[in-house]
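This report examines one protein model, from its overall make-up to individual residues. Please consult the sequence and the structure while reading.

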Amino acid sequence: MKDYRLILATGIALLCTVVLPTNVYAQFKRVLEEEYTGTRCGWCPRGMVGMELVKEEFGDSVILISIHGKKLDSSPMANWAEDAGYGKLAEDAPGYPTCAIDRGKFADPYFGFYSSGFGMRDVIKSQLAAKCEADVNLKAVWADAQRNSIEATSDFKFVSRKNARYAVAYVLCADSITGEDEEWNQLNFYAGEQEDAPNLQPFTSQPRGITNVVYDNVAIAGVGVENGIENSIEYPVNVGKEYVHTQSIEIPSLDGFVLDKDKLRMVVMLINTKSKEIVNAAEAPISSANIVDNIAFDPKPSIIARYNMSGQTVSASAKGLVILRYSDGKTQKTWIP
């Protein structure tokens with residue numbers, strides 16, 4: 001005689017095995033905004049403002065990269081972007097200023113899809129709500145005492161998959177870039193004009209050629225930028241499996257330009273090589289190896305940030321479904337009553 005109690009118990013166990021993994025891995029979606037700009041683009045000052053406003057409102061949920069394209073930029077930054085791997089992408093950009101949102105759509109970096117107002121707020125909100133196939137985390141450390149080489153380690157955990165190959169790409173960005181020669185001046189078509197947008201009005205009192213401009217989020221080096229690094233992610237991917245990729249990146253010479261190496265950060269992108277879109281991304285400052293090791297082996301990682309389901313930063317008193325980000329780079333969805 002069959003023991004149906006055993007069969008029932010086994011069936012329940014099997015059901016649990018199948019159902020539970022769908023809720024095991026938390027997803028944290030970040031939007032990659034790649035801005036195409038140039039010092040000889042007179043309307044590009046609004047892109048600077050738009051980028052600042054996006055970062056101010058959405059924080060770590062948005063990753064910003066500024067690509068200075070040669071067709072409207074004669075400064076060294078245009079050479080850096082081309083050397084980083086953005087040459088064709090910058091050439092193909094539909095006008096300046098413009099930004100690629102996860103490489104799936106283009107928008108004005110200030111107006112978004114509108115003709116006036118700060119429309120990028122709605123663009124980012126919509127993209128943050130999009131479903132994402134994989135979690136992405138990144139750590140970047142100096143590989144030598146002279147800080148001439150960086151070792152980036154990224155990990156990817158797929159919660160779903162599409163019928164496509166995936167690949168990894170890296171971009172090194174620099175903040176506080178400036179120069180004194182005329183080629184560094186920013187052309188400004190807002191000079192002397194009437195402007196209704198309060199955030200853009202300060203440019204109306206600036207000269208047509210703005211000097212001493214400080215440029216942030218500048219792409220200076222990259223690996224696999226356009227299509228990803230070949231065979232960096234196995235095909236097909238296994239849902240639930242954690243993939244780790246390590247990449248060494250040398251600090252470029254930049255024709256003698258002196259970098260503030262404390263103002264560098266690394267960006268990693270997970271690219272769907274079929275659609276060419278960015279699935280997810282992460283960024284990290286460059287740390288000394290011993291600091292990262294301390295974080296990696298922290299037995300009790302601490303909460304360093306909290307986000308709502310739209311990816312906006314929330315306070316410790318927030319209720320409902322909240323995404324917690326820990327000091328070890330991991331994220332977790334939790335319900336706070």
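## Basis of the model

The model is predicted: local features need pLDDT of at least 70 and side-chain atom pairs count only at pLDDT 80 or more, whereas totals for chains, interfaces and linings use all residues. Residues are numbered from 1 along each chain as its sequence is written, and side-chain values use heavy atoms, with hydrogens and water left out.

## Overall make-up

The protein chain contains five helices and 16 strands. Helices (H or I, at least four residues) and strands (E, at least two) are DSSP runs, numbered from the N terminus. Of the 337 residues in the protein chain, 47% are buried. Buried means under 20% relative accessible area, exposed over 50% and partly exposed in between, with a 1.4 Å probe and protein chains only.

Contact means heavy atoms within 4.5 Å. Among contacts in the protein chain between residues at least 6 apart in sequence, 70% join residues at least 24 apart.

## Nonpolar cores

A nonpolar core is a set of buried Ala, Val, Leu, Ile, Met, Phe, Trp, Tyr and Cys residues joined through side-chain atoms within 4.5 Å. The largest such core has 63 residues, and within this core Ile220 and Met266 touch the most other members. When residues up to four places away in sequence are not counted, Ile220 touches Trp80, Ala84, Leu172, Ala174, Pro252, Leu254, Leu259 and Leu264. Another core, of 24 residues, lies apart from the largest one; Tyr36, Ala93, Val171 and Ile278 are among its members. In soluble globular proteins, nonpolar side chains tend to be buried together.

## The pair α2 and α4

Helix α2 (residues 45-58) and helix α4 (residues 120-128) have axes that come within 10 Å and cross at roughly 50 degrees. Axes are lines fitted to C-alpha atoms, for helices over the stretch in contact, and angles run from 0 to 180 degrees between N-to-C directions. The two helices are therefore oblique to each other, since angles under 35 degrees count as roughly parallel, over 145 as roughly antiparallel, 65 to 115 as roughly perpendicular and the rest as oblique.

From α2, the contact involves Val54, Glu57 and Phe58, while α4 contributes Met120, Arg121, Ile124, Lys125 and Leu128. These residues divide into five nonpolar, no polar and three charged. Here Ala, Val, Leu, Ile, Met, Phe, Trp, Tyr, Cys and Pro count as nonpolar, Asp, Glu, Lys and Arg as charged, and the others, Gly among them, as polar.

Asp122 also has its place in helix α4. At 38% relative accessibility, Asp122 counts as partly exposed. Its C-alpha lies 7.7 Å from that of Gly112, a residue 10 places apart in sequence.

## Local backbone features

Most residues other than glycine have a negative phi, and most peptide bonds are trans. The peptide bond from Tyr96 to Pro97 is cis, with omega near -5 degrees; Pro97 lies in the loop between α3 (76-92) and β3 (98-101). Tyr235 and Pro236 are likewise joined by a cis peptide bond, with omega about -5 degrees, and Pro236 is found in the loop between β10 (218-223) and β11 (242-250).

Asn231 lies in the loop between β10 and β11 and has a positive phi of about 60 degrees although it is not a glycine. Asn231 counts as exposed, at 69% relative accessibility. Leu254, in the loop between β11 and β12 (264-272), has a positive phi near 55 degrees. At 6% relative accessibility, Leu254 counts as buried, and this residue is one of those that Ile220 touches.
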